Amino acid sequence: MFRENTLKRTLAAGRPALGCWLNMASPVAAEIIGLAGFDFVVIDHEHGPGTLADGLALLQAVSGTGATALMRVPANDPVYVKRALDLGVEGLMFPNINSAEEARAAVAACHYPPRGARGAAYALARGADYGLCGERYRDTCSDELVVVCQIETVAAVDAIPEIAAVPGVDSLFVGPYDLSADFGRIGRFDDPEVLALLDRAEQAILASGSTYGTIPVKGRPTDMLVERGARLIVAGGDVGFVRNGARAMVEDFRAVREKRVGGSQEGSQEGSQEG
């Protein structure tokens, strides 16, 4: 429900914040992630299967934890943004922002007039506690919102100074996979030219004064990113945690089974031959 945005305070203090992708549309997973102590979660509606109704359930699950709830919207769409905000998201991540003009449109969709063009339904929206704090929400929601623009193309890297200068943009978030794909070398994080491009984006964001966000990839682990100035870091997600945990359990069990069952069979065969 409507509350102080602790992520915004953390970033304003210059402290790193750790986030987690929510792609499973599972309230149980979202609640576990929040209770585990992540600073924020990102409900992923760009790549995840969830609907806005699913997003509501995730927000309800996270509301009982200390994690700030962001949503990555599918596109820079003011209608989707308006509905997400009415649900009560505490921040929005916009994919594939390539210019200051696109950044201004994203920011405008997040705020009521005269600052922006968001439609007003604070008398009933969940974001305003279903109208129970409607006027307080109306007057202060802009101050409690985090707006993140993703840098995912070479053109966006070139435009970082202009994008960062747009009032209302809190963070520029480098998407290394899409950026490397736009460069023609998707996921090749051992390629010196890809690394040089990521470094260029990083340096431009830091020079702009905007908060630098990204995800760790091969050769650029979380501790290195923090040392280099990243403050909004999304490291892992519910799908990855379930996949990796399940895979590790299966592999451990298979190793045990091979050692014990395979060894027993070998011993039995030797015994038969000796007999």
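Tutor: A polar contact is a pair of N or O atoms within 3.5 Å; within protein, one must be able to donate a hydrogen and the other to accept it, and residues adjacent in sequence count only if both atoms are side-chain atoms. This is a predicted model, in which local features need pLDDT of at least 70 and side-chain atom pairs count only at pLDDT 80 or more, while totals for chains, interfaces and linings use all residues. Residues are numbered from 1 along each chain as its sequence is written, and side-chain values use heavy atoms, with hydrogens and water left out.

Student: What makes the side chains of His45 and Tyr80 a polar contact?

Tutor: Their distance is 2.7 Å, and the limit is 3.5 Å.

Student: Why is His45 called buried?

Tutor: Buried means under 20% relative accessible area, exposed means over 50%, and partly exposed is in between (1.4 Å probe, protein chains only). His45 has 7%, so it counts as buried. Its place is the loop between strand E2 (40–44) and helix H3 (52–62). Helices (H or I, at least four residues) and strands (E, at least two) are DSSP runs, numbered from the N terminus.

Student: How do you know that strand E5 is mostly covered?

Tutor: Six of the six residues in E5 (146–151) are buried. Val146, Val148 and Gln150 point one way and Val147, Cys149 and Ile151 the other way, and all are buried.

Student: What makes a set of residues a nonpolar core?

Tutor: The set consists of buried Ala, Val, Leu, Ile, Met, Phe, Trp, Tyr and Cys residues joined through side-chain atoms within 4.5 Å. The largest one has 72 residues, of which Met71, Leu92, Phe94 and Leu172 touch the most other members. Helix H5 (residues 100–110) gives the most to this core, with six residues. Another core, of six residues, lies apart from it and has Phe2, Ala128, Tyr137 and Cys141 among its members.

Student: How many aromatic pairs are there in the whole structure, and why is the pair of Phe2 and Tyr137 called edge-to-face?

Tutor: Rings of Phe, Tyr and Trp (its six-membered ring) pair if their centres lie within 6.5 Å; planes under 30 degrees apart count as stacked, over 60 as edge-to-face and the rest as tilted. The search finds five pairs. Phe2 and Tyr137 are 5.0 Å apart centre to centre, with 75 degrees between the planes, so the pair is edge-to-face. Phe2 sits in the segment before helix H1 (6–12) and Tyr137 in helix H6 (residues 134–140), 135 residues apart.

Student: Why is the pair of Phe38 and Phe241 called tilted?

Tutor: The centres are 6.2 Å apart and the planes 45 degrees, so the pair falls under tilted. Phe38 is buried, because its relative accessible area is 13%. Phe241 has 40%, so it is partly exposed.
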